[in-house]
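Biologist: I would like to learn how to read the features of a model like this one. Where should we begin?

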Amino acid sequence: MAFDFLSVNLVVLFVLFGVRTGLLVMLDAALVLSLLGFLSTVALARYLLLNQVMK
């Protein structure tokens with residue numbers, strides 16, 4: 001939960017900074033960061049689920 005909260009805050013920060021300065025690279029970075037945050041959450045959930053099934 002804490003990592004999800006941190007990643008959402010970083011994405012919002014990147015988007016706001018990109019809009020404020022006009023740098024489109026920051027919007028791309030925010031998109032990549034949000035994708036990495038989502039994939040890490042899915043990977044963690046899958047790891048916990050498979051670890052629980054194996055026991």
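Modeller: Begin with burial: buried means under 20% relative accessible area, exposed over 50%, and partly exposed in between, with a 1.4 Å probe and protein chains only. Of the 55 residues of the protein chain here, 11% count as buried. This is a predicted model, where local features need pLDDT of at least 70, side-chain atom pairs count only at pLDDT 80 or more, and totals for chains, interfaces and linings use all residues. Residues are numbered from 1 along each chain as its sequence is written, and side-chain values use heavy atoms, with hydrogens and water left out.

Biologist: How many helices and strands does the protein chain have?

Modeller: Helices (H or I, at least four residues) and strands (E, at least two) are DSSP runs, numbered from the N terminus. The protein chain has two helices and zero strands. Its radius of gyration is 15 Å, well over the 10 Å of the globule rule for 55 residues, so the chain is more spread out than a compact globule. That radius is taken over C-alpha atoms, and the rule is 2.2 Å times the number of residues to the power 0.38. Along the principal axes, the C-alpha atoms fill a box of roughly 50 × 15 × 5 Å.

Biologist: What should the 20 residues of α1 span?

Modeller: The expected span of a helix is 1.5 Å times one less than its number of residues. For α1 this gives 28 Å, and its end C-alpha atoms are 28 Å apart, which agrees.

Biologist: Which residues of α1 are buried?

Modeller: The buried residues of α1 are S7, V11 and G18. They cover an arc of only 40 degrees around the axis, which puts them on the same side of α1. The arc is that of the directions from the helix axis to the C-beta atoms. The face turned away from the buried side of α1 carries the exposed residues A2, F5, L13, L16 and R20. Just after α1, G22 takes a positive phi of about 85 degrees.

Biologist: Is L24 buried or exposed?

Modeller: L24 lies in helix α2 and, at 63% relative accessibility, counts as exposed.

Biologist: And where is L48?

Modeller: L48 is in helix α2, residues 24-54. At 49% relative accessibility, L48 counts as partly exposed. V8 is 40 residues from L48 along the chain, and their C-alpha atoms are separated by 22 Å.
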